[in-house]
Amino acid sequence: MGTKGTGTIIARKRGNRKYYYYSRSYRVKVDPNATGKTRGSGKSKVVTQQVYLGTAEDILKLIEEAR
């Protein structure tokens with residue numbers, strides 16, 4: 001996933017279960033040739049990535065298996 005941005009864990013409820021996702025957002029330049037962070041250095045857009053982690057039971061099972 002890279003090293004840009006910081007992430008958070010989000011819980012979404014569907015029915016009686018909660019499903020967990022890892023989400024992070026960061027900015028990238030629309031024009032890859034544009035450089036710098038000052039005004040007029042090129043347009044940027046926000047990129048959001050989400051990775052499905054599973055239910056709490058799935059996550060706990062994976063942690064226990066890793067031990």
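This is a predicted model: local features need pLDDT of at least 70, side-chain atom pairs count only at pLDDT 80 or more; totals for chains, interfaces and linings use all residues.
Residues are numbered from 1 along each chain as its sequence is written, and side-chain values use heavy atoms, leaving out hydrogens and water.

**Stop one: the sheet.** Select β1, β2 and β3: they make an open sheet of 3 strands in the order β1-β2-β3, paired antiparallel. Strands here are DSSP runs (E, at least two residues), numbered from the N terminus, and two of them pair if DSSP finds at least two bridges between them. Colour β1 (7-14) and β3 (44-55): each has a single partner strand, so one side of each has no neighbour in the sheet. From one strand to the next, the twist averages 30°.

**Stop two: β1 and β2.** Look across the pair: I10 sits opposite Y21, and R12 faces Y19. Then zoom in on the hairpin turn, where 2 residues separate the strands and G15 has a positive phi of about 65°.

**Stop three: β2 and β3.** Slide over to this antiparallel pair, held by 11 bridges. Pick Y26 and you'll find V47 of β3 opposite.

**Last stop: the helix.** Select residues 56-66, helix α1, which lies across β2 and β3 at about 80° to β3. A helix is a DSSP run of H or I, at least four residues. Contact means heavy atoms within 4.5 Å. Axes are lines fitted to C-alpha atoms, for helices over the stretch in contact, with angles from 0 to 180 degrees between N-to-C directions.
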